[in-house]
Amino acid sequence: MSRADHDRMANAIRALAMDAVEQAKSGHPGLPMGAADIATVLFTQVLKFDPSDPAWPDRDRFVLSAGHGSMLIYALLHLTGYEAMTLEELKNFRRLHSKTPGHPENFITPGVETTTGPLGQGIANAVGMAIAERHLNAVFGDVVDHRTYVLASDGDLMEGISQEAIALAGHLKLSRLIVLFDDNGITIDGKLSLSDSVDQVKRFESAGWVAERIDGHDPDAIAAALKKAQEADRPTMIACKTTIGFGAPNKAGSEKSHGSPLGADEIKGAREKLRWSHEPFVIPDDILKAWRDAGQRSNDIRRAWDKKLDGLDPVVKGEFERRITGELPEALADAVKSVKETLAKAPKEIATRASSEFALEALVPAVPEMIGGSADLTGSNNTRTKSMTAISASDYSGRFINYGIREHGMAAAMNGMTLHGGIIPYSGTFLVFSDYCRPAIRLAALMGERVIHVMTHDSIGLGEDGPTHQPVEHLAALRAIPNLNVFRPCDAVEAIECWELALRAKDTPSVLALTRQNLPQLRTSYVPENLCATGAYEILPVEGDNVDVSIFASGSEVAIAVEAAQLLNRQGKPARVVSVPCFELFLSLPPEQRHPVIGGAEVNVAVEAGIRQGWDAIIGSEGVFVGMSSFGASAPYKDLYRHFGITPEAVAAAALAKFRPR
Ligand SMILES: Cc1ncc(C[n+]2csc(CCOP(=O)(O)OP(=O)(O)O)c2C)c(N)n1
Ligand SMILES: [Mg+2]
């Protein structure tokens with residue numbers, strides 16, 4: 001392609017970006033204008049993609065980590081011929097119900113691989129995509145054989161999560177991961193030098209990457225660097241020196257082009273400077289044709305891939321397709337059944353983290369798409385089953401990931417694995433460190449991605465490690481995230497049931513909050529139904545017809561509630577217990593299903609070794625809450641339960657105090 005042709009194609013992106021932002025009266029023209037040359041080379045010469053099938057499993061992934069530059073990807077999708085990305089959609093940039101939201105949302109826009117905007121997430125998602133690609137390649141062979149490209153900005157690389165992501169990718173030698181760094185030296189506050197003096201090339205090199213600097217406006221240099229990157233045996237970072245807002249006569253090179261419309265005069269000047277004389281949203285036929293041709297570049301590769309897939313052994317092909325569509329194997333139901341039957345025959349008095357491990361011993365062989373891991377707490381989280389080998393740079397076929405002490409990078413990489421398809425990732429860390437990965441969990445919930453977080457040591461019940469490690473507000477804080485199921489099983493039977501629900505929730509991430517301390521098995525008879533599926537159910541009924549007290553509890557406090565109910569029964573106040581393993585599932589039921597579970601007792605009590613927030617939806621504002629209202633303390637856990645008044649006696653007393661003297 002001649003330089004002139006390249007420039008005209010890149011200018012089409014620039015024009016669409018500045019015009020759409022102008023029309024929306026909001027948005028970020030600087031990045032698309034600055035990165036247009038990089039994107040043009042990538043999409044017209046390098047990227048393997050099929051606009052007629054945005055979900056083609058072996059497409060190269062392109063992650064716009066700097067999501068504020070959303071008009072870049074929207075312009076590219078329109079120009080290369082993604083049917084859903086019409087010119088109308090570009091004109092409706094940032095409007096309600098458009099396919100062009102402010103920041104890219106993968107569940108809204110075909111062709112957008114992940115939801116970005118919170119800086120640093122995209123590059124960390126891409127690491128997960130690259131892991132998924134190598135793992136599936138190891139399992140299925142060359143039907144999975146693609147690259148993952150990222151466009152990352154200064155902000156992406158300044159965020160701490162990028163360090164976790166880069167280090168993990170370098171360690172695993174993810175050579176199919178290629179990061180294009182939009183090295184424009186500008187952030188919102190002005191020059192990058194106001195707040196940063198990192199040498200990004202050296203930084204990536206020290207993490208085991210290949211890294212180099214190029215002129216990000218020189219198409220030949222971009223193409224040459226990408227070619228080299230494709231051949232590298234390690235991940236590559238290409239620092240592309242660019243000018244933010246390239247083409248804008250006064251605002252180019254300045255933060256003024258970052259995040260607001262350029263204005264009519266500046267746009268007029270840019271049109272002159274770029275020699276782009278066309279009206280807003282008008283792309284001349286020859287340029288549009290060149291772009292559409294670029295969109296068809298991978299057609300032969302696509303057809304060859306279809307043949308490759310058809311040439312697979314039918315069983316392997318069926319399994320590949322099952323995994324890519326995210327359907328669960330039939331073996332899951334049998335695995336769950338066998339665990340429940342075993343537990344009914346020989347009840348276990350173990351911590352729910354150990355119950356989870358017991359469940360995983362059956363689930364992992366039955367569900368081969370499960371990939372476990374832990375952020376350096378494997379022995380504490382019980383997430384690695386006996387048969388699991390670890391994924392490493394020399395063998396990607398393993399099913400366990402030693403994420404290192406990188407909770408945020410772990411959670412974001414898991415999002416990337418799920419987005420890639422073919423994998424159900426589950427993690428391990430302490431519940432208190434959910435705060436260290438909350439932004440990625442939130443995005444999983446927003447995107448509707450099936451990722452499962454095993455979070456152990458879920459209360460003061462962890463004991464001596466003390467208040468720094470004891471979650472207090474975390475259950476409530478996680479329950480506050482829409483579309484996230486927070487499970488807190490009370491025993492080994494609930495643990496397998498909650499695992500099953502987490503696996504079956506195709507569009508919802510889950511957290512499994514599990515104990516360090518041993519718990520009795522309360523469910524001792526085999527029941528085929530998954531009782532946790534309604535989120536709450538009566539685990540201990542009253543003996544007669546009369547109910548004075550309903551006690552609601554989750555996890556380790558259900559056993560305490562059961563003992564409290566027995567105390568109350570003896571004192572002439574018939575009490576029942578409702579186990580509440582999952583608020584979200586319970587509160588999503590229609591009222592006529594919820595009311596019988598809540599019941600009509602005179603006194604409602606909730607017991608949970610966390611804060612009250614959220615429980616009023618079940619016990620009402622007049623209900624009694626027994627739990628935590630401060631941070632914990634360092635001591636053996638039984639002492640802590642006594643100290644903080646979370647005991648059967650305290651629960652019974654709190655309930656009795658609520659009855660008016662007659
Ligand atoms: C986690 C996070 N913090 C803050 C922001 C707000 N924000 C959006 S872009 C940006 C930085 C802009 O600089 P850069 O990343 O270099 O992008 P450029 O201006 O060069 O396009 C910030 C702070 C964000 N999107 N995400
Ligand atoms: Mg910048």
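Predicted model: local features only at pLDDT ≥ 70, side-chain atom pairs only at ≥ 80, totals over all residues.
1. Let's begin with the ligand. Which residues come closest to ligand 1? Its surroundings comprise 15 residues, and the closest are His68, Ser153, Gly155, Asn184 and His258. By class, this shell holds six nonpolar, seven polar and two charged residues. Helix H6 (154–158) and strand S4 (186–187) each contribute at least two residues to the shell.

2. Backbone atoms are worth a look here. A polar backbone atom of Gly117 sits 2.8 Å from a nitrogen atom of ligand 1. On the oxygen side, a backbone N or O atom of Gly155 is 2.8 Å from an oxygen atom of the ligand, and Gly155 is also listed among the closest residues of the shell. Ile186 brings a polar backbone atom to 2.9 Å from an oxygen atom of ligand 1. As for cover, ligand 1 taken alone exposes 580 Å², and the protein buries 74% of that.

3. Next, the largest pocket, which holds about 690 Å³ of space. It is lined by 31 residues, with Ile324, Thr418, Leu419, Gly421 and Glu449 the closest to its centre. Two elements give two or more residues to this lining: helix H13 (314–325) and helix H17 (407–420). H13 gives the most, with four residues. Sorted by class, the lining has 10 nonpolar, 10 polar and 11 charged residues.

4. The second largest pocket has a volume of about 370 Å³. Of its 16 lining residues, Ile560, Glu563, Tyr637, Lys638 and Tyr641 lie nearest the centre. Strand S15 (518–519), helix H21 (557–570) and helix H25 (637–643) are the elements that supply two or more residues to the lining. Which of them gives the most? That is H25, with four residues. The lining divides into eight nonpolar, four polar and four charged residues.

5. Rolling a probe the size of a water molecule over the atoms shows where empty space is left. How many cavities of 30 Å³ or more turn up in the whole structure? The search finds two. The largest cavity contains about 80 Å³ of space. Its lining has 13 residues, and Leu47, Asp60, Tyr82, Gly111 and Glu113 lie nearest its centre. Strand S1 and helix H3 (70–80) each give two or more residues to that lining, which by class has eight nonpolar, one polar and four charged residues.

6. The second largest cavity has a volume of about 60 Å³. Its lining includes Phe62, Val63, Leu64, Ile73 and Pro104, as well as Gly111 and Glu113. Gly111 and Glu113 are also among the residues nearest the centre of the largest cavity. S1 gives the most to the lining of the second largest cavity, with three residues. Here the classes are six nonpolar, three polar and one charged.

7. Finally, charge pairs. Side chains of opposite charge can pair when their charged atoms come close. The whole structure has 37 salt bridges. One of them joins Asp50 and Arg302, whose closest N and O atoms are 3.1 Å apart. Why does this pair tie together separate parts of the sequence? Asp50 is in the loop between helix H2 (30–46) and strand S1 (61–64), while Arg302 belongs to helix H12 (residues 299–310), so the pair links parts that are 252 residues apart in sequence.

Terms used:
Residues numbered from 1 in each chain as written. Chains lettered and ligands numbered in written order. Heavy atoms only, no water. Near = heavy atom within 4 Å. Polar contact = N/O pair within 3.5 Å; in protein donor to acceptor, adjacent residues only side chain to side chain. Areas by Shrake-Rupley, 256 points an atom, 1.4 Å probe, with all protein chains shown as cover. Nonpolar A, V, L, I, M, F, W, Y, C, P; charged D, E, K, R; others polar. 1 Å grid on protein atoms, 1.4 Å probe; cavity = no way out; pocket = protein on both sides within 12 Å on 5 of 7 lines; lining within 4 Å. Points joined across faces, edges and corners; volume = space filled by probe spheres on them. Salt bridge = Lys/Arg side-chain N within 4 Å of Asp/Glu carboxyl O.
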